[in-house]
Amino acid sequence: LRSMLQWAQDEIVIPNGPHEGDSFRISTQPVMRLLLQEIDSKRWNEIYTAGPSQSGKTLVCFCIPIAYHLAEIGEDLVAGVPDMRMADDKWKEDLLPVFQASPTLRKLLPKEGPGSEGGKITNAISFANSATAKWMSRGGSDQSKAGYTARVVVVTEAAGFVATETS
């Protein structure tokens, strides 16, 4: 298996912005090399990132790890959002364009069900390689979260995850 850094440079095509259509290159945002190397090192159980607007955080810290684990590793994962109403937006505005821009990832898009052809995200997206992205938010019933296990959890807008009385 390729490292996340190598995989991203081999497979990711920038879906929008000033580098739209270009292959992902670490030279565009060199600090991201350090981040991806640390993720690849497997020294950390948890990694939190913060940075300025338009610095590539969503692509490198949310989209690439999710796409890597779904496509390269072929494993189920949890995609965390503060509120489930945000899941559909994060899919359509951030993740889906990354999958559509890459010839390799495009082949994995679901043909039916949630996430397919404009289908609304309810709680999970099953990809053509059988990997699943399960969407979860803060709050809700603990049973619904305990019933799904995954080795990888990728969260966006982590500041929106504050302790609640139930979790």
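A residue counts as buried when its relative accessible area is under 20%, and as exposed when that area is over 50%. The exercises below use these cut-offs on a predicted model.

**Exercise 1. Overview**

Task: State how many helices and strands the protein chain has, and what share of its residues is buried.

Solution: 
- Count the elements. The protein chain has six helices and four strands.
- Read their order. From the N terminus on it is α-α-α-β-α-α-β-β-α-β.
- Turn to burial. Of the 167 residues in the protein chain, 41% are buried.
- Residues 24 or more positions apart account for 62% of them.

**Exercise 2. Helix α1**

Task: Find which residues of α1 are buried, and what they pack against.

Solution: 
- Start with the total. Six of the eight residues of α1 are buried, and the helix is mostly covered.
- Name them. They are Met4, Leu5, Trp7, Ala8, Gln9 and Glu11.
- Look for their partners. These buried residues pack against α2 (31-41), α3 and α5 (103-106).
- Check one case, Gln9, which lies in α1. Its relative accessibility is 17%, so Gln9 counts as buried.
- List its neighbours. Leaving out residues up to four places away in sequence, Gln9 touches Phe24, Arg25 and Ile26.

**Exercise 3. Helix α3**

Task: Locate the kink in α3 and say how far the helix is covered.

Solution: 
- Take the range. Helix α3 spans residues 57-73.
- Find the bend. A kink of about 35 degrees lies at Cys63, shortly before the proline Pro65.
- In α3, 13 of 17 residues are buried, and the helix is mostly covered.

**Exercise 4. Where α1 meets α3**

Task: Work out how the axes of α1 and α3 are arranged, and which residues meet.

Solution: 
- Read the geometry. The axes of α1 (residues 4-11) and α3 come within 10 Å and cross at roughly 90 degrees.
- Classify the angle. Values of 65 to 115 degrees count as roughly perpendicular, so α1 is roughly perpendicular to α3.
- Name the residues on the α1 side. They are Met4, Trp7 and Ala8.
- Name the α3 side. Here Ile64, Pro65, Ala67, Tyr68, His69, Ala71 and Glu72 take part.
- Sort by class. The contact of α1 with α3 has eight nonpolar, one polar and one charged residues.

**Exercise 5. Aromatic rings**

Task: Decide whether the pair of Trp91 and Phe99 is stacked, edge-to-face or tilted.

Solution: 
- Ring centres must lie within 6.5 Å for a pair. The count comes to five aromatic pairs.
- Apply it. The ring centres of Trp91 and Phe99 are 6.1 Å apart, with planes at 50 degrees, so the pair is tilted.
- Trp91 has a relative accessible area of 1% and is buried. Phe99 is buried too, at 0%.
- Widen the view. Trp91, Phe99 and Phe127 form one aromatic cluster.

Definitions and conventions
Residues numbered from 1 in each chain as written. Predicted model: local features only at pLDDT ≥ 70, side-chain atom pairs only at ≥ 80, totals over all residues. Heavy atoms only, no water. Bend = angle between axes of the 7 residues up to and from the residue. Helix = DSSP H or I, 4+ residues; strand = E, 2+ residues; numbered from the N terminus. Buried < 20%, exposed > 50% of the residue type's maximum accessible area, 1.4 Å probe, protein only. Axes fitted to C-alpha atoms, helices over the stretch in contact; angles between N-to-C directions. Parallel < 35°, antiparallel > 145°, perpendicular 65-115°, else oblique. Contact = heavy atoms within 4.5 Å. Nonpolar A, V, L, I, M, F, W, Y, C, P; charged D, E, K, R; others polar. Phe/Tyr/Trp six-rings, centres within 6.5 Å; stacked < 30°, edge-to-face > 60°.
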